[in-house]
Each structure stands twice: as C-alpha cells, then as structure tokens.
Amino acid sequence: MQYLDDGDLSLVIDLDQGARIASLHYRDLEITLPSRGSLVNWGWYSMAPWAGRIRDGLIADSSGEEHQLPIVLDPPHALHGFGVMYGWQELGKGRARLEFPEPYFGASVVQQIEIVDNAIRWSLEYDDGGVDLPFWLGIHPWFARDLGRGGSAELEFEAEAMLLRGSDGIPTGEIIKPGRGPFDDAFTKMRGTPRIVWDGALAVTIESDAPWWVIYTEDSDGICVEPQSAPPDAANLGITSEDYLEALFIFEEV
C-alpha cells in the first residue's frame with residue numbers, strides 16, 4: 001500500500017490491485033467506490049497498454065501478425081489493459097511501474113500520482129521497450145454517485161463529437177454528434193472542462209489535454225469520466241497514441 005495525505009485530500013494506493021486508488025477522501029467524504037466483486041468496477045486505476053475494449057482481443061503488429069490478448073474481463077473482447085490485472089512495482093511515493101507480459105513483454109508503463117494543493121495529478125508514461133504493437137493509455141476513475149452528504153452526482157460536460165457504438169459495445173469508427181445518455185461512449189473535441197457536482201457538498205473538475213474521453217453513466221452506483229490518449233479499439237480504427245497522458249482532478253466545496 002501507498003498512503004498520500006496532504007491537507008484536505010488523502011488516498012490509499014493498492015499496488016497489488018492494479019496500483020489503483022482504493023480509497024480517496026476529500027475531508028470527510030469518500031469519493032470513490034469500494035470493491036464490488038470485479039477488477040474493473042471500483043477505485044481509480046490506470047489503463048495500459050490499451051484502454052477500453054479491443055474487438056475479440058486481437059492486436060496486430062506492423063507486419064500484420066495478430067496476437068491474442070486476455071479476454072477474461074469482458075469476453076470475447078480484451079478490456080482495459082494489463083494494468084488493472086496485475087500488481088505494480090513501487091518506485092517511490094505515489095510512483096509505480098508495471099512491466100507487461102506477452103505479447104507486450106519488454107514494454108512498461110510508469111504511473112505517478114501526487115497531491116498538489118486541492119488537486120490530484122495523475123500521469124502515465126509508456127516505454128515500448130522495442131515492442132512492435134499499438135498502445136494507448138487511459139485513467140479510469142469511479143466517482144460515487146452519493147457521498148452521504150449533499151445531492152447525487154451530476155455530470156457537466158460538452159463535446160463536439162462522439163464515436164458511434166455498435167451493438168457489441170465497440171466503436172464502429174463513425175463520428176456522430178453526441179446524443180443523450182446514459183453513456184458508455186468515447187467523445188472527442190471537448191468544449192470546456194468536465195465537472196462532477198454533488199450539490200451542497202463537492203465539485204471535481206477534470207483537466208487534461210487528452211484527445212479522447214470515455215464517459216460511463218450506466219451504473220447506478222457510480223460515474224466514470226476517463227481521459228484517454230486514444231479511444232477503445234483504437235488500433236482497429238487506425239487511431240494512434242502519444243506515449244504520455246496526464247490529468248488533474250481539482251476538488252472544491254460547493
């Protein structure tokens with residue numbers, strides 16, 4: 001475990017459980033969801049070397065040779081990368097590293113989580129280690145809908161475009177105008193800054209230069225606002241990624 005505590009913010013990072021934030025308090029409020037029996041539906045965690053789903057769990061190198069990824073989290077598709085499935089190596093306060101298994105053996109990612117005044121800064125940096133496979137990164141925070149004080153969470157965000165999601169839950173590649181929720185969708189060209197508000201208690205603003213955001217509002221207990229360097233199934237959509245992703249989560253009473 002890693003423990004970060006600085007004034008109003010305190011958090012616990014469970015290195016053995018995907019180096020995720022397992023508990024996050026702003027003053028007396030617990031912000032995230034506890035374990036609910038699945039690796040992917042609680043806490044705040046990193047997604048690497050891919051984020052979201054990959055159709056049938058198949059990823060191809062530059063020569064076109066396909067490699068099978070694990071599909072245990074969301075069969076028949078690969079989901080959310082290796083980061084959420086493995087324990088990470090501690091590198092220092094709020095800092096951890098994961099070396100990937102096959103077919104990404106040799107590649108790695110470093111996660112840095114730090115408290116800066118009333119905010120959490122989260123960064124991911126990918127090192128391909130000579131591995132010839134597509135990659136992309138994401139940050140997956142679960143926000144509790146109810147904090148025990150104030151109103152239920154209300155999500156404020158606006159985007160110019162989103163990817164059409166097929167019946168299998170995977171983007172088709174077609175860009176459309178955003179519709180009404182509930183969402184499990186990838187958005188791009190954000191207007192302004194996403195914000196979650198619990199009226200009478202707390203607001204969290206999420207700042208990032210991420211070109212893609214996945215918004216998930218189909219869970220009765222939580223909301224996810226996920227900055228990503230590329231959308232789900234990016235490799236099959238021909239969308240490439242930078243090797244660094246950073247987001248700032250800013251907390252304030254309202």
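A pocket, on a 1 Å grid over the protein atoms alone, is an open set of points with protein on both sides within 12 Å along at least five of seven lines, and its lining residues have an atom within 4 Å of a point. With that in hand, let's walk through this predicted model.

**The largest pocket**

The volume of the largest pocket is about 330 Å³. Its lining is made up of 21 residues, and those nearest the centre are Arg53, Leu79, His80, Asp184 and Tyr216. Sorted by class, the lining looks like this:

| Class | Residues in the lining of the largest pocket |
|---|---|
| Nonpolar | nine residues |
| Polar | five residues |

Of the elements involved, β17 gives the most, with three residues.

**Aromatic rings**

Now for the rings. Counting pairs whose centres lie within 6.5 Å, there are 15 aromatic pairs in the model. Take Tyr126 and Phe135: their ring centres are 4.1 Å apart and their planes meet at 20°, so this pair is stacked, given that planes under 30 degrees apart count as stacked. Tyr126 and Phe135 are also both buried.

The two belong to one aromatic cluster, which is formed by Trp50, Phe82, Tyr86, Phe100, Tyr104, Tyr126 and Phe135.

A charge over a ring turns up as well: Arg36 lies over the face of Trp142, 4.9 Å from the ring centre.

Technical notes. Residues numbered from 1 in each chain as written. Predicted model: local features only at pLDDT ≥ 70, side-chain atom pairs only at ≥ 80, totals over all residues. Heavy atoms only, no water. Phe/Tyr/Trp six-rings, centres within 6.5 Å; stacked < 30°, edge-to-face > 60°. Buried < 20%, exposed > 50% of the residue type's maximum accessible area, 1.4 Å probe, protein only. Lys NZ or Arg CZ within 6 Å of the ring centre and 35° of its normal. 1 Å grid on protein atoms, 1.4 Å probe; cavity = no way out; pocket = protein on both sides within 12 Å on 5 of 7 lines; lining within 4 Å. Points joined across faces, edges and corners; volume = space filled by probe spheres on them. Helix = DSSP H or I, 4+ residues; strand = E, 2+ residues; numbered from the N terminus. Nonpolar A, V, L, I, M, F, W, Y, C, P; charged D, E, K, R; others polar.
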